[in-house]
Amino acid sequence: MESNVLSIRGMTCAACAQRIERTVRKLAGIGEANVNLASEKLFVKYDATALKLHTIKEAVSKIGYEVVDKTDCQSATIPIGGMTCAACAQRIERAIRKLDGIESVSVNLATEKATVTYKPSEVRLSAIREAIEKAGYKALEINSADAVDEDRARKQREIKTLWTKFIIAAVFSLPLLYIAMAPMIKVVRLPFPAALDPMQYSLVYALVELLLVLPVIGVGYRFYTVGFKALIQRSPNMDSLIAIGTTAAVLYSIYNTFQIASGNFLAVESLYFESAGVIITLILLGKSLEAVSKGRTSEAIKKLMGLAPKTAIVLQDGGEKEIPIEEVEIGDIIVVKPGAKIPVDGTVTDGHTAIDESMLTGESMPVDKKTGDAVYAASLNTTGVVQFRAEKIGSDTVLSQIIKLVEDAQGSKAPIAAMADKVSGVFVPVVCAIALLAGIAWFIGTGGDLRFALTIFISVLVIACPCALGLATPTAIMVGTGKGAENGILIKGGEALETAHKINTIVFDKTGTITEGKPAVTDVLTADGTDADRLLQLTASAENGSEHPLGQAIVAGARAKGVELLKADSFDSITGRGIEARIDGHSVLAGNRKLMTEREISLAALEEESDKLASDGKTPMYIAVDGDLAGIVAVADTMKPSSQAAIESLHQMGIEVAMITGDNKKTAASIAAQVGIDKVLAEVLPQDKSNEVKNLQTEGRKVAMVGDGINDAPALAVADIGIAIGSGTDVAMESADIVLMRSDLMDVPTAINLSKQTIRNIKQNLFWAFGYNVIGIPIAAGVLHLFGGPLLNPIFAAAAMSLSSVSVLTNALRLKRFKATTRKA
Amino acid sequence: MLAAATLAGCSSLDVVGKQSVTSFDTILKTIPDQVETDEMNGGFALAAPDGTVRFIWSQDYSKSPLHDVMLELEAKPFVDAGLDTGKLPDNYAAYEGMLMVGTKLGNDQLEYGGEPTALAAYEQIVKKYRQSINYHTSLDHYGVLLGDGNMFEWARDFGTNSATGEIQDKDIVFALNPDPLIAAGVDPEKVNGWAYTQVSTDDGDVWKFLKPFNVQ
């Protein structure tokens, strides 16, 4: 028997899962077929000789579900060196896509990583790496143990190399620019060596310019190696534009240098060495600034990666031993001292302390931890010494999962990027054509002025760089998702980020989402002048032995009020009714109306209050002492402190808020009224939650579902945006589009706000990136000059081009100033 | 800059200087009758077609009696316009109704492969005192700088002489800095035979006394 797991899309409820199971189980050769609705996966065991996997897939597809064949696929994120623009990313995507066995590929220019899903049976990772190398880029090492540090070091090296190149280029191109421009400036007589006077020593002047431009070309050699290679492979990129433009300038200048040498020294007026030199220098400056800015866009993930400590103190042979984190094994007992970080995930076995988990959840208050409580890697032990058992290590820790999730999100593309990608794909060839046409047109129009035509040709090539276009979306998504992670909001991809800003209806699950999900004492009502504290003391003492959640809530309530619990002389649990105990010489009966009726205890004294409590969604527990009704202790699930404020914030954003619950309509309405819910979906069975979401969607609403776990998974999946709150568990992470690490509902408006601001930022970036090219290309092509306006010098074109990328990155970095939505005082 | 200095010192790279020799040779060949040996000044002289002014260049700077390169012109038009020759600066000499204005380039004993010729003597200026040779961009003229803004210019290429302005568009031009003459009493508007006009140079427009001629 062979087993496999298939990812299924399109399931909305348990019935769908059953239908798939039934269909698959009918196939000959099948052993087992189980569908997990929450994880949307089909687990199959089958006889591979009698049944092929594709037959199973076909059967599922036939009944209307999509099989996402990821199971025999692997995913790899390959860091790539040498990309300079969106066209490079496109080129690498094309190169990889050409290989057999590639399911999907997404190259992110900003992170400089290719995320590839591939079938190892058909294509090896080495072949993918080879394809990247063949395309002219560097496939760097993947996920080594020191990947984080190496990646950081590599980026630092890259930035340093770029700056060094820029400085070298600047050292040569500044004098080059000076000697090219100073003789032309008549307003002020700039100091200029007579020996270089272009009109007296033309050849010397030309040769000096040539000598100065050569080192600049040397440091910018990558523009030529990559650019011409791409051109030869008929997929030109930004480097191709730079390479063509500057090569044309240099070759034309060399030709004119020969002209000078052969006696036509007036050709000195047709030298463009300084254009080539300054263009390369400015592009290198732009690339350097871009590299620094790009580094800053992924700061959030770097911060996360840098959180985990490198070593752990493990109890071995009765003593403490500090070992590298990689050597920690599951089951090891780890000692964490105050001020140290928790190295891996586990459960406290000894000691108690307060742990700051803000780096994972964004929650600033340290959380008390005692034996049995879970601790998470990278959180900070603040007060006591604790020992815990390692349970999740390496990539299984919550921190690693968060990092993976944020990395995946940052590697994903938002639908809004599709247009930019399409344009980038055809941009460079179109620009080459425009440059050529404009050059030819001006050559003819000016009666054969090659110098003028060349100026136009170079300017168009240089100004029209798709860098800004390619960076517009991914940088904003990276900063946006990174900022989300900093606030404990994990957004799983660009699509989720984009969809979230369109949400106009949010459905909250009630229990555990709007409410704490844990019952608590809300009211203590007494009859005949019984003291409330005494009543609570007797009740809690009686319930102390109970395992019922309501009983435990009363015990917790009494303890919270500092009430001393008394020892029970006897205790008896009456199933479905309540309990009976003997406390301090008194007979205490605590339970529901049925218990009291059976024991013939009159409830008349508190009948009215009891009804009111019930109508408020509370559970009244009647207490009789020595055969008489002594009072009522009411228990209810309490609201989270942030619920009302969060819903108010959502209202202010124009979003309708609904609550979905299995409670009866009266109770549900009562809770809804307390927090300001607009719409109540009551008496909904767990399996029907997704249908309610679908109903809202059919009304044309964009619906987000906020839930806290597995029972909400179908609804989370069906909703346009599923938001899992509080737990950070595997299931929640898997089924939701957005995971909120804290239980604070204020993170919901924060997530929506973050989405809105990120999308606004992307739109601004795209506007500037497109606008810059739409305006820049015609000016460079001499359209304004046609009507007596100015002509764009290639040097200014290069400066404008470099600035465009930097401005887009700077705009994306503004998102770092995003502030979480806060409760009003 | 080091490279520039090294390259500048390499005479084989002096395209403008070399071209100026070729161009000057063309002039000498175009008006051979107006070129003569000037024994008195120890060199050669190129006379204007009207004979009122001559450009003189020495064949041996160690023997030049006055200047190595100079203009010799009739003093009368300037005297008539108010010139007091006693007020002229040191680079001027007044002699038998003539004014001589120029500069000493050096004291070199120039050597020639054979008999010195007018062209060979000019080549010595290019070779040894290249800074005295000028290309006048706006007029497309070569010229010999005679010091203090005085010069002798000729069209780089008679065929493509592209100067703007009627009076400047000539093949050879004798140019004087008017300032010392005006300072010595000359009323520039009253100088006969010399045009008092603005000339476009690389440093902007400047006033000059000009005597331009076509020689073709």
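The model is predicted, so local features need pLDDT of at least 70 and side-chain atom pairs count only at pLDDT 80 or more, while totals for chains, interfaces and linings use all residues. Residues are numbered from 1 along each chain as its sequence is written, and chains are lettered from A in the order in which they are written.

Chain A holds 29 helices and 30 strands, where helices (H or I, at least four residues) and strands (E, at least two) are DSSP runs numbered from the N terminus. Of its 825 residues, 50% are buried, a term that requires 20 or more other C-beta atoms, placed from the backbone, within 10 Å of the residue's own.

Between the chains, 15 residues of chain B are in contact with 18 residues of chain A, contact being C-beta atoms, placed from the backbone, within 7 Å. Helix 1 of chain B gives the largest share of the chain B side, five residues.

In chain B, all five residues of strand 9 (151–155) are buried, with B:M151, B:E153 and B:A155 on one side and B:F152 and B:W154 on the other. Its pairings, for which DSSP must find at least two bridges between the strands, are tabulated here.

| Partner of strand 9 (chain B) | Sense | Bridges | Facing residues |
|---|---|---|---|
| Strand 10 (residues 172–176) | antiparallel | four bridges | B:F174 and B:F152 |

The hairpin of strands 8 and 9 of chain B has five residues between the strands, and B:G147 takes a positive phi near 90° there.

Terms used. A residue is buried if 20 or more other C-beta atoms lie within 10 Å of its own, exposed if 12 or fewer, and partly exposed in between; C-beta atoms are placed from the backbone. Two residues are in contact if their C-beta atoms, placed from the backbone, lie within 7 Å.
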